[in-house]
Amino acid sequence: MSSPLKKLAGQTAVYGLSSILGRLLNYLLVPLYTRLFAPEVYGIVTELYAYVTFLLILLTYGMETGFFRFAQDKSILDKVYSSILVSLAATSTLFIVFLLIFLTPVANLLDYQSHPEYILWMGLIVALDALISIPFAKLRLQNKAWKFAILKLINIGINIGLNLFFLLLCPKLAVSNPDSALLAIYSPTVGVGYVFIANLIANILTLLMLLPEILNIKFSFDKALLKKILIYAMPLLIAGFAGMINETLDRVLLKHLVPDSLNPMEQLGIYGANYKLAILMTLFIQMFRYAAEPFFFNNKNESNARELYAKATKYFIICGLMIFLGVMFYIDFIKYFIDVDYHEGLKVVPVLLLANLFLGIFFNFSIWYKLNDMTKYGAYLAIFGAILTVVLNLVLVPIYGYVGSAWATLICYLAMCLLSFYWGQKFYKVPYNIINAVFYFILAMALYFASIYLRPDSQIWVYVLNSGLLLVFVGLVIIKERKQLFAKS
């Protein structure tokens with residue numbers, strides 16, 4: 001494997017430390033939530049965090065990628081950084097002011113009139129997330145992966161600790177020691193709201209920890225420069241917002257498309273919990289993206305850049321398929337990550353795993369419009385995906401419920417992959433080995449269906465069979481890719 005790819009793999013591993021370890025720790029809250037809250041109550045968490053993802057795209061408006069694009073000129077790095085930071089601080093502040101003024105009508109619109117404080121807390125979480133996104137992006141640009149990882153882990157640790165404090169310790173103290181001073185900051189009526197309070201406090205403390213990164217520069221706000229960045233980033237805002245429609249609209253629409261007789265909030269809770277079982281694929285994509293975006297820009301001018309991008313995509317697909325097989329081969333164990341009341345939704349897990357894998361492939365295929373300042377095509381792709389997502393959900397959800405949402409997500413990302421590949425080969429041809437990728441997909445699917453068809457009666461032999469099938473996949477990858485995997489340079 002070549003040195004730039006080794007560096008990408010190393011950076012991905014470090015970001016993966018924070019992403020995998022951190023998210024796994026954070027996702028340990030899911031078993032807690034699914035055991036403390038009924039599906040319809042957990043549906044509140046699922047729905048509101050879906051809104052958060054939309055708002056985060058809106059409040060960052062493509063500035064992360066804009067920062068990577070314009071910070072390539074080291075002579076104006078501080079000017080780019082401070083201009084973007086001031087812009088994000090101003091828009092985040094305006095968003096909070098708007099929310100404070102119109103909190104009641106917004107809460108009524110979202111059907112949270114009895115708990116408008118949930119909306120306010122989520123708004124503050126999003127505003128802080130937007131503000132700290134650029135200091136974190138700067139750490140990525142400067143290859144300070146370890147500092148990035150440590151700060152992310154601290155944020156997650158605080159969030160987990162506060163969840164355990166409010167949802168487990170305080171209720172027990174209220175029974176065993178009602179005079180405890182700790183109960184002065186606890187009210188049992190808040191209930192699921194403590195999920196949001198814990199996240200908010202963690203974000204506030206993370207902002208304080210990032211203050212050295214924010215303040216340790218020479219501030220220089222350049223209006224003309226910011227205008228250039230905004231022109232570059234605005235299509236990314238559209239692309240990101242439309243892309244988030246693809247990613248999370250299903251969890252927003254379920255509440256409105258599932259008939260009341262089928263308890264839509266319960267279905268939303270079940271779907272949201274099973275979505276979490278695709279965590280390993282989601283984490284892999286996230287940690288890859290953290291490392292890959294600066295990697296793509298930093299190697300743009302290398303003579304072998306396109307070959308590097310093709311190889312990175314190949315290894316991404318191989319790793320993604322290994323994760324798919326790993327989760328599905330051991331789903332009988334992994335399913336206990338969520339409570340038994342949620343297990344009826346396990347049928348969507350393989351669909352969602354593949355959907356997220358195609359999302360990651362789409363990210364790889366879409367480097368062409370970012371590298372060539374053709375970000376309007378990113379907007380076109382995402383809008384296409386958003387329209388497809390809406391149409392498919394409107395058609396499938398009333399008939400199939402959350403299963404329809406899962407299939408809509410998979411179809412959408414597959415279609416976006418194909419379209420991005422087609423356009424990319426016209427404007428910025430990368431020598432992707434499509435035959436190789438198709439071979440690995442066919443191999444992985446054949447092994448997956450073999451595990452279903454050959455499934456023994458004994459659970460122990462199920463694990464033995466599936467472990468053997470996974471080793472077959474890994475072994476064939478090593479045999480087929482051995483020359484590149486074990487190359488010295």
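Buried residues are those with under 20% relative accessible area, exposed ones have over 50%, and partly exposed ones lie in between (1.4 Å probe, protein chains only). The structure is a predicted model, in which local features need pLDDT of at least 70 and side-chain atom pairs count only at pLDDT 80 or more, while totals for chains, interfaces and linings use all residues. Residues are numbered from 1 along each chain as its sequence is written, and side-chain values use heavy atoms, with hydrogens and water left out.

The protein chain has 21 helices and zero strands, where helices (H or I, at least four residues) and strands (E, at least two) are DSSP runs numbered from the N terminus. The radius of gyration, taken over C-alpha atoms, is 23 Å, close to the 23 Å given for 489 residues by the globule rule (2.2 Å times the number of residues to the power 0.38), so the chain is as compact as a globular protein of that length. Along its principal axes the C-alpha trace spans about 70 × 70 × 40 Å, and of the 489 residues 57% count as buried.

Helix H2, covering residues 29–36, is mostly covered, with six of its eight residues buried; these are Leu-29, Val-30, Pro-31, Leu-32, Tyr-33 and Thr-34.

Asp-332, placed in helix H15 (residues 331–334), is likewise buried, with a relative accessible area of 14%. When residues up to four places away in sequence are not counted, Asp-332 touches Arg-455, Gln-459, Val-462 and Tyr-463, a contact meaning heavy atoms within 4.5 Å.
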